[in-house]
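Please work through each task with the structure open before reading its solution.

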Amino acid sequence: MTATPVVSVVAAIAGLALAAYFYTVVKAADPGNERMVELMQAIQEGARAFLRREYRWIAIFVAVMTVLIFVFLDYGRPWGAIAYLFGAVLSGLAGFIGMTVATMANARTTQAARTGPQLALPLAFRGGAVMGFSVAGLALLGLGISYVLFVQVLEVDQPFQVLTAFGLGASSIALFARIGGGIYTKAADMGADLVGKVEAGIPEDDPRNPATIADNVGDNVGDVAGMGADLFESYAGSIIAPVALAAFAFADTGPFQSRALLFPLAIGAFGMVASIIGAFLVKAAPGATGRQLASALHRGQNVALALTVVLSFVFGFVFFNGVEGVENWWGFPVAAITGLLVGTAIGFVSEYYTSDHYGPVKNIAVASETGTATNIVAGIASGMQSVAGAVVLIVLAVGVSFYAGDVALPGVENTGIYGIALAAIGMLATTGVVVSVDAYGPIADNAGGIAEMAELPPEVRDVTDELDSLGNTTAAVAKGFAIGSAAVTALALFKAFEQAVIGAGGTISLDIGTVDVFAGLFLGAMLPFLFAALTMQAVGRAANKMIEEVRRQFDEVPGLRESLSAGPGAVGTKTDVKPDYARCIAISTEASLKEMVIPGALAVVVPLVIGFISTDALGGFLAGALVSGFALAIFMANAGGAWDNAKKYIEAGHHGGKGSEPHKAAVVGDTVGDPFKDTSGPAMNILIKVMTIVSLIFATAFVG
């Protein structure tokens, strides 16, 4: 069993090798004509420039946190600080790799779409798979190396607190990358849509729109680099939670503890293998459309899921059968499988509420016939309704996994909570293929933008639009996995925090009749709403600047207004007069970097302040934030995805099609949904875990 961390490192290397292979496949594909290459390079340059500046800003925060860990925590000198930096560097690297390949894959996907979806879909997926397997591979590699180094080789003091610091490093990058990238992409998107599509009446991604390059850059910095850092943090956190819990809660359980510490790494290893196999099965048949394309993408996920179920039982037997005290070895793999199945079910709930194949999106499209207000009301109601299904599924996962863990080792406290922690990693065991499907979406979106800007035949845009619509749904499914795992992971981390406080000689109570706990509960329930408000206001302020700039260029750039009046398709009008794309890119970059600081800092500062005042209040605070943050995240992600696909459903020719009054209403609804689904909603799951992991890491300082 002691070789498990090494095996996880080998599995991680295999995942990274697959990412390298898919990189060569994408690079070898035809990027298209000179104009397509020019557009691809413009998007690449804008994305790299943003990421360089963003990482410089984040580096300041990382440096401050490193000093705090080094100064205030015994285990932080130096190992905790080193582990924190290691997690931050790998998280940032995963985002950079994914964004680099995504900006290579966009034009190549556009060129493949000239043949049909049977070539475009697997190419976009492989571009996304570089992101997916870089995220899962680097996270598992970092955790495996950290376990071998800090626990087995150096045998440092408080090694599992040090391992938790790795998770905080990943969370630090993820929080700011998600917020900053989300603000960037939605400011550009809103400016491009409201002025271009609604006011000027030109198509989405029309080259005459000054914000169109910034919009396509935003798809990469927000939905690829930001999402990659997000899922890196989620995956690493899901493995760290059961390891930390086993370290703090099972000190007196003999040989069981060593197995409980290593089983999460084993799940990560065989989940990686299952994901690798599933990734090779994503193919589209010639002429495939709609649900056939969706089935092609889901095939890889479903195969990976089935293999993970089988391997969970195999390794559960190997790890726990015959171990002293374990009466029902199957309980622990059942707990992990419960998480995997419930995560998939939450994904299906998200798909139901965000896909135009089902009633909720079609109902929003119908509501658009009576105006913007009814479109927005329908979208809000649909998003709120989707919370019910997700919450019921989370409660089911918690109940079943708790029971499974409890019956596996009866009479030992916290084995049920350990089962819940295994459910969290079960949800993200197939992260490699889940992120691959998610990252596919922005590539397809960019491919559509390049098709429009390069003035390719309409049938090419039809193919990319179909791929993009599917991408909105797959993104919502992946967000469902991430948000669901966040809720379960945060619960396990909270229990580890409680054990750490007690182990340090402190006390903690969750009795809501206690004033400290009650006050903390309300503060925690409030913070996700404040966080959402701050991030949405940030998007609004940045979008205002973008809208003003786009309007200014339409008024002041010689010939640009005349090209609009000539109408789409007029000879020469789209290429003879070029707007100032760079100015729009600069506006989004500057605004997003400035606006991400306060919301990001809240996640770290508030739990530290409360923790130093009262650990009881901090316990209530974390509980309140977990419940309200989870519900708010599901609502925002699904409402935003539904609004987006309702717009695309109308653009496909329903309810009057493009340019109709229902279409204009749907564009406004989609614009409202943009910060919902791509900024505030997905950042919420990071907020929940960052606050919990900060509390865990500084638990001994709170008691001292």
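**Exercise 1.** Which residues lie nearest the centre of the second largest pocket, and how many residues line the pocket?

*Solution.* The model is a predicted one, in which local features need pLDDT of at least 70 and side-chain atom pairs count only at pLDDT 80 or more, while totals for chains, interfaces and linings use all residues. Residues are numbered from 1 along each chain as its sequence is written, and side-chain values use heavy atoms, with hydrogens and water left out.

Start with the term: on a 1 Å grid over the protein atoms alone, a pocket is an open set of points with protein on both sides within 12 Å along at least five of seven lines, a cavity is a set of points where a 1.4 Å probe fits but cannot get out, and lining residues have an atom within 4 Å of a point. The second largest pocket is lined by 20 residues, and Ala487, Leu491, Ala623, Leu626 and Val627 lie nearest its centre. Two or more lining residues come from each of helix H11 (372–408), helix H14 (458–503) and helix H20 (615–651), where helices are DSSP runs (H or I, at least four residues) numbered from the N terminus. H14 gives the largest share of this lining, with seven residues.

Next, take the volume, defined as the space filled by probe spheres set on the points, which are joined across faces, edges and corners; for the second largest pocket it is about 450 Å³.

Finally, sort the lining by class, counting Ala, Val, Leu, Ile, Met, Phe, Trp, Tyr, Cys and Pro as nonpolar, Asp, Glu, Lys and Arg as charged, and the others, Gly among them, as polar.

**Exercise 2.** Describe the second largest cavity by volume, lining and class.

*Solution.* The count of cavities of 30 Å³ or more comes to six, and the second largest cavity holds about 130 Å³ of space. Its lining has 13 residues, with Gln301, Asn302, Leu305, Thr344 and Phe481 nearest the centre. Helix H8 (291–320), helix H9 (331–354) and H14 each supply at least two of the lining residues, and the largest share, five residues, belongs to H9. By class, the lining of this cavity divides into six nonpolar, six polar and one charged.

**Exercise 3.** Which residues make the nonpolar surface patch of about 480 Å²?

*Solution.* Residues qualify for such a patch with over 30% relative accessible area and no salt bridge, and nonpolar side chains (Val, Leu, Ile, Met, Phe, Trp, Tyr) are joined within 5 Å. The patch is made by Trp79, Ile82, Ile145, Leu149, Val153 and Leu154. Helix H3 (79–113) and helix H4 (117–153) each give two or more residues to the patch, with the largest share, three residues, coming from H4. Ile145, found in H4, is partly exposed at a relative accessible area of 36% (buried means under 20%, exposed over 50%, partly exposed in between).

**Exercise 4.** Is Asn414 buried or exposed, and what is its phi?

*Solution.* Asn414 is in the loop between H11 and helix H12 (415–427), and with a relative accessible area of 10% it is buried. Its phi is positive, about 80°, although Asn414 is not a glycine. His655, in the loop between H20 and helix H21 (661–697), also has a positive phi, near 55°, and is partly exposed at 25%.

How values were computed
Patch = residues over 30% accessible without salt bridge, like charges linked within 9 Å, V, L, I, M, F, W, Y side chains within 5 Å. Areas by Shrake-Rupley, 256 points an atom, 1.4 Å probe, with all protein chains shown as cover. Salt bridge = Lys/Arg side-chain N within 4 Å of Asp/Glu carboxyl O. Buried < 20%, exposed > 50% of the residue type's maximum accessible area, 1.4 Å probe, protein only.
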